Amino acid sequence: MLVGIKNRIKNNWVVLVILLLGSFLFISASPLYKGNPWGDTNAMLAIGQAWLDGRVPFRDIFEQRGPVFYVYYLVMNLFSTKGYIGLFIIETLNLIGIWYWEKKILQLLQVPNKLQKWLALILPFFLLSSFSFENGGSPEEFAFFWILWSFYYLLLFLKTGKLKNYQVFLIGFGAALVFWMKYSLVGAWFIFILVYLFIALKNRYWVEILVKVVSFLLGFLSVTLPLMVYYQLVKGVPALIKVYFVTNIGAYTQSSGETGLRQHLSFKLLIKILWHNR
């Protein structure tokens with residue numbers, strides 16, 4: 001395994017250097033800059049440090065994002081006191097991971113070997129230049145890796161017509177990580193599941209469907225159960241459920257309702273203006 005990793009690094013060292021340079025130049029938490037200016041990132045780093053100090057997110061600290069997301073920030077704070085170095089390292093590794101899965105996807109699409117590692121740079125640098133990822137450290141940024149991870153296996157199924165149980169387990173594992181990071185981002189997995197079920201039902205893979213559903217659920221539970229056990233031990237399950245689900249859903253519903261009301265009033269105002277000026 002180590003030999004394989006060394007060979008991959010040796011064969012792709014130029015690309016890795018380019019990704020590292022891009023990280024140093026464009027990631028806000030880079031050592032070249034004073035620190036990440038985004039208030040949310042600094043707040044999340046503070047929560048990660050607080051977790052290290054013994055305060056539990058949701059139980060002791062009110063926050064709307066998921067616990068897995070704060071595991072990232074807890075790890076970041078292990079590297080340095082303010083967490084910027086850790087944020088830079090995690091973001092860089094995330095970019096390399098995105099590059100890796102994009103390269104794997106290009107292999108499935110039979111893009112010429114010589115072009116794969118270079119074309120795979122498109123997504124990482126698109127993210128680095130995107131306004132949505134300008135300040136870095138968002139749930140969407142880290143979820144993107146797991147979405148690509150699962151998308152690769154979906155393409156593999158579409159190409160070969162088969163998925164091994166451990167591969168479906170990994171899809172469920174990725175879905176669970178994103179669900180407990182920011183559950184509004186799991187829509188991609190609904191699409192993956194619907195595509196798989198459509199093809200499997202069409203071909204009448206009845207037993208296989210059952211086995212794959214169990215494999216997916218096992219992957220999902222491999223993240224969810226340890227998380228629930230931890231929160232049960234620290235007596236934080238009620239707070240986790242209340243804040244992460246009830247409060248978030250309520251806030252989203254209220255926000256959607258207010259947006260709909262504003263759109264309705266704006267539409268009525270537009271009709272009145274058009275009517276009086278007809």
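This is a predicted model: local features need pLDDT of at least 70, side-chain atom pairs count only at pLDDT 80 or more; totals for chains, interfaces and linings use all residues.
View 1. Residues are numbered from 1 along each chain as its sequence is written, and side-chain values use heavy atoms, with hydrogens and water left out. H8 and H9 (residues 165–179), helices being DSSP runs of H or I with at least four residues, pack at an angle of about 155° with their axes, lines fitted to C-alpha atoms over the stretch in contact, 9 Å apart. Among the residues that make the contact (heavy atoms within 4.5 Å) are Trp146, Trp149 and Tyr153 of H8 and Leu170, Phe173 and Leu177 of H9.

**View 2. Helix H4 (residues 67–79) packs against helix H8 (residues 139–160) at an angle of about 105°, with their axes 10 Å apart.** That angle makes H4 roughly perpendicular to H8 (65 to 115 degrees). Phe69, Tyr72, Tyr73 and Met76 in H4 meet Pro139, Phe142 and Trp146 in H8.

**View 3. The lining of the largest pocket draws its largest share, eight residues, from H5.** Helix H1 (2–11), helix H5 (84–108) and H8 each supply at least two residues of this lining. Of the 15 residues that line the largest pocket (those with an atom within 4 Å of a point on a 1 Å grid), the closest to its centre are Arg8, Asn12, Ile96, Trp99 and Tyr100.

How values were computed:
Axes are lines fitted to C-alpha atoms, for helices over the stretch in contact, and angles run from 0 to 180 degrees between N-to-C directions. Angles under 35 degrees count as roughly parallel, over 145 as roughly antiparallel, 65 to 115 as roughly perpendicular and the rest as oblique. On a 1 Å grid over the protein atoms alone, a cavity is a set of points where a 1.4 Å probe fits but cannot get out, and a pocket is an open set with protein on both sides within 12 Å along at least five of seven lines; lining residues have an atom within 4 Å of a point.
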